[in-house]
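The sequence and the model come first.

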Amino acid sequence: MSTIEPNWLSLVWFAGLATVCGVAFLIIAGKFPLDARPDAARSLPATLLIIGNVVLLATLLAGTEAFMRGEAS
């Protein structure tokens, strides 16, 4: 098995981060377009929360990409 993946810890971390990115993307995708949201989600705090989640997802995605590039070299 070590010839397939010699670094199991990195594989587990990458799989976890990629899963979180995928699930977060699906959750956030359901919030756009902003004007199509239900009335309960149209308040300013809800909009700020959605924008904050997009920023956090972008950060997590960039971190996952950096982790993947760092392990490849």
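Buried means under 20% relative accessible area, exposed means over 50%, and partly exposed is in between, with a 1.4 Å probe and protein chains only. By that scale, 12% of the 73 residues of the protein chain count as buried.

The model is predicted: local features need pLDDT of at least 70 and side-chain atom pairs count only at pLDDT 80 or more, while totals for chains, interfaces and linings use all residues. Residues are numbered from 1 along each chain as its sequence is written, and side-chain values use heavy atoms, with hydrogens and water left out.

**Overall form**

The secondary structure of the protein chain consists of two helices and zero strands. The radius of gyration is 17 Å, well over the 11 Å that the globule rule gives for 73 residues, so the protein chain is more spread out than a compact globule. That radius is taken over C-alpha atoms, and the rule is 2.2 Å times the number of residues to the power 0.38. Along the principal axes, the C-alpha atoms fill a box of roughly 55 × 20 × 15 Å.

Helices (H or I, at least four residues) and strands (E, at least two) are DSSP runs, numbered from the N terminus. Helix H2 covers residues 44-72, and helix H1 covers 8-29. Val23 lies in helix H1 and is partly exposed, at a relative accessible area of 46%. From Val23 to Val12 there are 11 residues in sequence and 17 Å in space, C-alpha to C-alpha.

Contact means heavy atoms within 4.5 Å. Of the contacts in the protein chain between residues at least 6 apart in sequence, 61% join residues at least 24 apart.

**Surface and charge**

**Salt bridges**

Side chains of opposite charge can pair when their charged atoms come close. A salt bridge is a side-chain nitrogen of Lys or Arg within 4 Å of a carboxyl oxygen of Asp or Glu. How many salt bridges does a search of the whole structure find? The search finds two.

| Salt bridge | N to O distance |
|---|---|
| Asp39 and Arg42 | 3.6 Å |
| Arg69 and Glu65 | 2.8 Å |

Arg69 is exposed at 59%, and Glu65 is partly exposed at 33%. Arg69 and Glu65 are four residues apart in helix H2, which means a separation of about one helical turn.

**Around Arg42 and Thr47**

Arg42 sits in the loop between helix H1 and H2. Not counting residues up to four places away in sequence, Arg42 touches Asp35, Ala36, Arg37 and Thr47. Between Arg42 and Leu57 the C-alpha to C-alpha distance is 21 Å, at 15 residues apart in sequence.

Thr47 belongs to helix H2 and is buried, with a relative accessible area of 16%. With the same exclusion of residues up to four places away in sequence, Thr47 touches Leu34, Arg37 and Arg42.
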